[in-house]
Amino acid sequence: MMSPLPGRPAPRVAKSESPPKRTEDREHTESAIVIPRRSFLAALGLTVGTLAVGFETLAPAEARAATAAGGPVIAPQLPKGDGGTTPNVFVHIAPDGTVSIVCHRSEMGQGIRSSLPVLIADELGADMAKVKIIQGDADEIYGDQNTDGSHSVRGEGYDGARKAGAAARMMLIAAAAKKWNVAASACEARDHAVVLRSSSSSARSLGFGELAVLAAKLPPPKPKDIVLRPKSELRRAGGPLPLLDGPDIVTGRAIYGADMRLPGMLTAVVARPPVVGGKVERYDAARAKAIAGVKRIVDMPALPSGPPKFHPLGGVAVVADNTWAAMRGRDALDITWTAGDNGSYDSARYRDALLASVRAPGNPVRKVGDVDGALAKAARKVEAEYHVPHLSQAPMEPPAAVARVDANGCEVWACSQDPQTARKEVASALGIDEKRVTIHVTFLGGGFGRKSKPDFIVEAALVARAAGVPVRLVWTREDDVRHGYFHSTCTQRIAAGLDERGKVVGWLHRTAFPSIESTFAPDKTFGGDGELAQGVLDWPLAIPNVRAEVCEARAHVRIGWMRSVHNINHAFAISSFIDEIAHARGQDPREVLLEVIGPPRIMGLKELGAAKVRNYGASLEEHPVDAGRLRRVVERVTEMANWAGYQNARKGAKTAATERAFGLAAHRSFLTYVAVVAAVTKDAAGKIRVDEAWMAADAGTILNPDRVKSQLEGAFVFGMSVALHGAITARAGAVEQSNFRDYPVTRIGEVPRNIHVELIANDGLPGGVGEPGVPPVAPAITNAVFALTGKRVRELPLARAGLVT
Amino acid sequence: MTELIVRVNGTEQKLDVDPEMPLLWALRDVIGLTGTKYGCGQALCGACVVHLNGEVVRSCVTPVSRAAGGSVVTIEGLSPDGNHPLQRAWVELGVPQCGFCQAGQIMTAAALLAKKPRPTDAEIDESLAGNLCRCGTYPRIRAAVRKAAGNASGA
Amino acid sequence: MIPKWLHLVAICSLAQAAAVLPACGGPAQETAATAPVALAAPPADGLRPPEAFAGISDPSERSRALFSEMSRVMLHPRCVNCHPSGDSPHQRDAMTLHDPPVTRGPADQGVVGMECTSCHQDKNLALARVPGAPKWHLAPKIMAWEGRSAAALCEQVKDPARNGGKNLRQIVEHAAHDPLVAWGWAPGAGRTPVPGSQAKFGALAAAWVEAGAACPKEEARR
């Protein structure tokens, strides 16, 4: 896979393994069982092909048949021919005892490599010191590899990992039982060995390595026969788990997208049209070619008309000996662009259009009772309009990929959240069979949704083919900010009717945003079901008359998903609005929030008033809308923050209460419930400072509590950026921002000294963890700003209102 | 092209490059030390921080000519075995998430501790103000710097 | 009797808000009625040469007018941004706080890890927007020009206790030849330069000293 560079040791790729050979064995990996992908895309109802879910099948039918006949499981990345045992595509035990475990999801900071493999190891009974983690290449045999939608542990991840480990355990136990001539039930696997349960003699202990050789001849258990340990026997899962890649990260050894080096590799950067759908009219490369180190200029195919999908945007690539020469070369290109249809896109006018859209009726998507009647009869009305701009994921590592195209096909190393889609797209772009495309997944320097779109990987493959040598294609920060798949900008209008006692009796919510579906299909000018299921359809409202409507909005930039996606927009509006109702009533926002959520109860489709709720790819039976769980996180977080003490101080109208104020927000997303209290103060210049934060999260069963805590802490900081700083705007179709100077993000000095995080312990099914911390953060902050200043911010970011340094 | 001599992590490197080439690219592309990262190219994010003659520089904007005859230390050379107190504290406290910014964070913090062995919380924030982290590891970065400084509770 | 352009200078030097300012130091509106002697409008580069003041016969009067002209350079954002009264430099014509956040430090050179020269090189850079000049650093607080009137600036600049111990000749030398001062006229990356040229500024300084180095009267309103 990787030839060492002359004169230097081979760069150490973090425990990654060689790609499979291109042999006819590949035929056997066609999926035999078709199970709908429980991915975010599938939850949106977008068809991207059906795949075998690796954990559930553990191996496709042909592979299992081959195994039953005594042949080996076809596991593309696990060691072969060493005499060891391969129970399934995820686990191999070698004769020396080394256990290789495939991590089939991308590592982008959520600690997945330190989590799922440990669960497998726990179920197996392995000693982590003898476990090697292998990053999964793009291969349908692993099932769904799309790392987004906070679904690596929830759904099939948790149980699937356990089954993979259990299958391995059962084989090793079977081998030991056979050798000792005892029943399997008399044996147990722990500490990297199988022992006889009642024995104190070391003669009745066999190491995994020895057993691997014996087990190699046994067939793996059938999926239906797999037996999991009692949960209490999982030794590490749920407890403190070390960050396994920590040592590599802190010594600079971890390999990210742009770190991969191949002999003869050149580096490319691309000058892309400033406007989506724009084209090169003409260009002069004379000055660029004259720059030392520039090797060639490559024309990129223009973006085809229609939905942008994952097609590259077009433009001109400069290929050079090194990144600096490529950047200088690009800077020296003299290009005249045409703008195309999106050339008139102007964010200020678009915002007006969104506002007009929500001021008129839209398509109803949620309906309970008679909202129009309730509003007409209401003793009092509260109305507000909210706006969130486009945002950029801005991962610290801009997109980058290394590609090599030759007679065998194409091999890629990339920081991809979705290697299988990358593989499809590269194959399609090159016009070759997918089987001839290999995608290796490096570490990702942040994803947040940007890197599930493989446009940058396709670019690398195309330029590599044109160049005839391996090419590393890198995006500069300017490229990343200007040419992204942006978070949807959104305007919402909520109108509530209150009765004489102030109780909310009617609630009309309208939302307008350019749909993600517009990226994939034409004429998608309304938010889709999956998007509305993010905070519009599934918000538990104890209100007798509810209607939600989706209003029209056309897309003029590429829309993508950013960490928690439409929940950011909908949580901002709903949590702000509930706070506005509270203040209109002169009441404690906590009381009003709990009143609006209502009593603990499960809300089915009827109570929600929705025909269908995508529910993040999960069934509503398994993961219902549970008002009790939302209440509980509100109760816990306000307890943590001593909300009652704060409210009492405010009632006393002492100055202290107006020097520091609290804001509260809560939201359900990705099947997890999170509530946030933010405390804000003002500095000497009158600028808002976030002084302290509390977060309570109910995510069901937790696999790696420390990673979950760090994800929530990080989500708070990420949410601060949403609240305080960034906006992506366009003028004449082109994005106006370019780098961190005009798209600022949170810096260390702004972060509170204490972000208190508590996980509500329970045995429920795992919910998502990577994203749910984000949505309640911005409204908690803006609610606090109102309590502090009397100024209600309905448009993000706060910087726009001059409230931020 | 002139040949520039720069000592990098203790090894003399002869660089036959454009003297205006930022040090970052000499390190990453020419020498092959990829631990130092590109995050912005405009000295706004700190992912590219290395030590030049004992001081922090943002290598994405530092021409390699400025390092000529000098000594550069990158994350790979901060310690022979990953045992710098900051590296140890970073691992113990589970500081990194995606890890991309962490080399720059550690190198800046290392320069701080070399000059101020017991920095206050405010000093930590001021010195690290130029190091961005999108994953939001800041609370743990602060804790790890305090831990490495032997000052767990902060001043 | 305050010429309108002096108003502009005073207003510009006071402003610290995020709003974009009109270009300070640009060609001023002249009204003969308010100026004691009618000066010709500045040339295209925005800075009058010493010869433009030849018509002022009284040396003190001429000296004061020359310094007022010099102050259009010195109170321009390009200069005042690094002559702040606080602990952070400013940026842009709007004179917003420097981003990334930078703290003065004990030697006006930034704190550990955020020293000025950790980012700023000895010249402007081609692709990055970071400005540069030799010995990039903050003027010490005693040389803060933020919010100064031309009159106060003049007293400050002349005072050896507050100007780094310079005598008048050294002030002229500094104005005419210092490389960091020179940056103001070639700031790079589309930044608005200060008016005129360093040579002209040096000539104004020399002419100001020759005419007695008098300071404008303290008439600027805050």
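Predicted model: local features only at pLDDT ≥ 70, side-chain atom pairs only at ≥ 80, totals over all residues.
What is the handedness of the crossing of helix 12 of chain A and helix 13 of chain A? The crossing is right-handed. Helix 12 covers residues 419-430 of chain A and helix 13 covers residues 455-467; the two pack at an angle of about 35°, and their axes are 9 Å apart.

Let me turn to the residues at this contact. From helix 12 of chain A come A:Ala422, A:Glu425, A:Val426, A:Ala429 and A:Leu430, and they meet A:Ile457, A:Val458, A:Ala461, A:Leu462 and A:Arg465 of helix 13 of chain A. By class, eight of the contact residues are nonpolar, two are charged and none is polar.

I now move to a sheet in chain A. Five strands form an open sheet in the order 13-21-20-19-14, and the pairing is mixed. Which strands stand at the edges? They are strand 13, residues 363-368, and strand 14, residues 380-388; each has a single partner strand, so one side of each is left without a neighbour in the sheet. On average, and with direction ignored, neighbouring strands of this sheet are turned by 10° against each other.

Helix 17 of chain A, residues 566-585, lies across strand 14, strand 19 (490-498) and strand 20 (504-512) of chain A. Relative to strand 14 of chain A, helix 17 runs at about 150°. From first C-alpha to last, the 20 residues of helix 17 of chain A reach 29 Å, close to the 28 Å expected at 1.5 Å a residue. Just after helix 17 of chain A comes A:Gly586, with a positive phi of about 65°.

Positive phi also occurs in chain A at residues that are not glycine. A:His192, in the loop between strand 5 (187-190) and strand 6 (193-196) of chain A, has a positive phi of about 70°. Is A:His192 buried or exposed? Its relative accessibility is 5%, and since the cut-off for buried is under 20%, A:His192 counts as buried. A:Lys309 has a positive phi of about 45° and belongs to the loop between strand 10 (294-300) and strand 11 (315-320) of chain A. With a relative accessible area of 37%, A:Lys309 is partly exposed.

Two cis peptide bonds deserve mention. One runs from A:Leu796 to A:Pro797, with omega near -5°; A:Pro797 is in the segment after helix 24 (777-789) of chain A. Another joins C:Asp99 and C:Pro100, where omega is about 5°. C:Pro100 sits in the loop between strand 2 (96-97) and helix 4 (116-119) of chain C.

I close with chain B. Strand 1, residues 2-8, and strand 2, residues 11-17, run antiparallel and are joined by seven bridges, with B:Val6 opposite B:Gln13. These strands of chain B form a hairpin with two residues between them, and B:Asn9 in the turn has a positive phi of about 50°. Strand 1 of chain B also runs parallel to strand 5, residues 71-73 of chain B, through two bridges. In that pairing, B:Val8 stands opposite B:Val72.

Conventions: Residues numbered from 1 in each chain as written. Chains lettered and ligands numbered in written order. Heavy atoms only, no water. Pairing = 2+ DSSP bridges. Helix = DSSP H or I, 4+ residues; strand = E, 2+ residues; numbered from the N terminus. Axes fitted to C-alpha atoms, helices over the stretch in contact; angles between N-to-C directions. Contact = heavy atoms within 4.5 Å. Left-handed = near helix turned anticlockwise from the far one by under 90°. Nonpolar A, V, L, I, M, F, W, Y, C, P; charged D, E, K, R; others polar. Buried < 20%, exposed > 50% of the residue type's maximum accessible area, 1.4 Å probe, protein only. Expected span 1.5 Å × (residues − 1).
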